[in-house]
Amino acid sequence: MQAIRAENLSKFFDGRAVLDNVSFSVEKGEIFGYLGPNGAGKTTTINLFLGLLTPDSGRATVNGVDLGSDDEARRRIGVLFENNGFSERQSAYENLRYYGRLYGMEDPDGRVDELLGMIGMADRAYDPVGTFSTGMKRKLGIARAILHKPEVLFLDEPSSGLDPDAQRMVRDLILSLSATGGMTVFINSHHLDEVQRICTRVAILAGGRIRAEDSIARLTASGNESSIWIAFEGGRVPEDALLSLRSLPGIAGTELEGEGIICTLTGDAKAPDLISALVAAGYRIEEVKKRSANLEEIYLRYVHTGEDAS
Amino acid sequence: MNELRTIARKEFFQAITNKGVLIAAFIFAIWFPVFTTLGILAGISGDPGTALAGHLASLSVVLAIFMGYLFSADAFFREKKDGTILTLLCAPVSLRQIWEGKVLGVATAAYGMTILSVLITVAVAFAFSPVGITLPWLLLVHLAIILPIYAAASAGIIGAAQLYLGMRENQFLGMGFVFLFIFLIFGLQTFISPEGGVTVQTELFFFVLGLVLLLIGRRWAGRLSKERIVRTIA
């Protein structure tokens with residue numbers, strides 16, 4: 001069942017297309033990463049889903065409804081924007097209790113205590129939010145977003161400003177919300193490593209259009225399935241190794257990386273044949289790794305070349 | 001209804017704990033009315049109760065409008081300053097409910113400050129008047145019914161204007177708005193009741209005009225789109 005759906009969504013600002021016929025969907029319980037450079041239209045997309053903007057054409061629905069015209073449906077949605085959105089003069093406790101009541105919780109105090117304990121801020125519960133660090137506000141923002149146990153959670157750069165410990169806490173939290181609570185999570189992020197660790201599927205947006213949309217496993221597999229990395233004895237690449245490799249059949253390209261060489265093979269070439277040829281030529285090989293592209297490489301390819309997966 | 005109370009309660013406590021706004025409100029609430037009242041007492045020729053009641057009736061409306069402006073400008077501008085407006089717009093409440101909750105909370109604080117000012121002014125007048133003063137009962141009606149309406153109308157129109165204009169901290173615009181408000185009210189009052197004072201006729205005039213202004217603010221806020229707010233604050 002689809003929790004989030006964009007159908008031919010377009011939005012223009014001052015005659016310029018910020019989103020151009022964007023379509024994708026997110027299944028219930030999925031953790032979906034929405035990637036793109038600054039100005040690509042990621043925040044505009046979230047604002048369209050949340051009903052803060054009206055599409056010029058197409059539809060943006062969450063749980064099958066347009067949130068802009070259905071106040072009640074927003075009760076099942078949690079959101080964290082890039083700026084955390086807290087009253088600076090109110091305490092953490094007051095801020096959370098306020099939003100709990102706005103979302104219809106009769107007595108939010110118990111849940112507020114539970115969440116403040118979970119994010120390790122119980123001892124700062126009654127301090128004004130204005131005295132908190134960026135990371136503390138971010139953790140508190142996530143607590144506020146899940147306070148009312150929403151079905152769908154929109155997170156804009158959730159790890160922004162967090163230290164590694166807190167980043168891990170947020171990652172684990174998101175994974176557990178999806179795994180145990182069945183929550184659908186939509187993440188806008190530049191933090192590609194984080195997205196690769198927690199998201200089941202991603203869409204890459206550039207120039208107002210979706211360039212790729214698939215599971216991370218499929219995207220990275222399609223990116224570089226025929227590359228291997230070879231390290232030589234002694235931790236150094238022999239001077240003539242690059243030239244020798246290029247002269248072998250089945251090699252599409254070579255490039256130095258770290259203490260080894262990346263070899264890109266042509267479609268019919270086999271890695272064991274290449275290694276045998278190198279050994280026969282007298283090279284002493286210490287390590288060979290099949291190399292898969294990471295999300296960053298895939299992202300950069302789609303964003304910089306304007307390539308389209310379809 | 002719960003959501004309305006929640007927003008109103010928060011706005012009320014934010015208003016009465018904002019030191020900067022409170023200091024400005026106190027100065028305006030005490031300095032201006034007390035000194036103008038002492039001036040009125042010094043020049044009284046007829047019944048001091050009637051003269052003082054007329055003065056208090058006009059003065060308190062000005063005070064309620066100004067207090068409404070002062071607290072409301074802070075309440076709406078704060079949403080932009082703290083970056084809370086987008087999160088609030090995503091909550092399961094309509095824009096009109098947000099406006100109503102804010103106006104209710106802010107107007108309560110503004111009304112309280114206006115009443116405090118009137119009480120201090122009356123106490124000063126009683127203390128410094130050379131003759132005994134008896135205030136008419138209509139003044140109580142004025143304080144209990146007319147003032148909250150004007151505090152709310154002022155807060156409401158300023159709030160709707162802030163939402164419309166992207167919650168910019170524009171003091172000139174705010175003050176211009178307040179003076180326009182005051183001139184409109186007293187211009188019309190002079191037309192309807194040239195002798196001034198507190199009469200059933202003036203109270204009815206104040207009541208109807210205040211209600212109309214409040215409804216204008218409510219209608220304006222209700223017709224605003226979230227898209228306008230999101231795009232103007234950016």
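In this account, a helix is a DSSP run of H or I with at least four residues, and helices are numbered from the N terminus. The model described here is predicted. With that definition in hand, chain B can be read along its sequence, where the pattern is α-α-α-α-α-α-α-α-α. In total, chain B has 9 helices and 0 strands.

The next topic is the overall form of chain B. The C-alpha trace of chain B spans about 60 × 35 × 35 Å along its principal axes. For a chain of 234 residues, a compact globule would have a radius of gyration near 17 Å; chain B has 18 Å, and therefore agrees with that expectation.

The interior of the chain may be considered next. Of the 234 residues in chain B, 44% are buried. The contacts within chain B can also be sorted by separation along the sequence. Among those between residues at least 6 apart in sequence, 91% join residues at least 24 apart.

Finally, chain B touches chain A. What does each chain bring to this contact, in residues? Chain A supplies 25 residues, and chain B supplies 20 residues. On the side of chain A that touches chain B, the elements giving two or more residues are strand 5 (77-80) and helix 2 (92-102) of chain A. Helix 2 of chain A gives the most to this side, with 3 residues. Sorted by class, the side of chain A that touches chain B has 10 nonpolar, 8 polar and 7 charged residues.

Definitions and conventions
Residues numbered from 1 in each chain as written. Chains lettered and ligands numbered in written order. Predicted model: local features only at pLDDT ≥ 70, side-chain atom pairs only at ≥ 80, totals over all residues. Rg over C-alpha atoms; globule rule 2.2 N^0.38 Å. Buried ≥ 20, exposed ≤ 12 C-beta atoms within 10 Å, placed from the backbone. Contact = placed C-beta atoms within 7 Å. Nonpolar A, V, L, I, M, F, W, Y, C, P; charged D, E, K, R; others polar.
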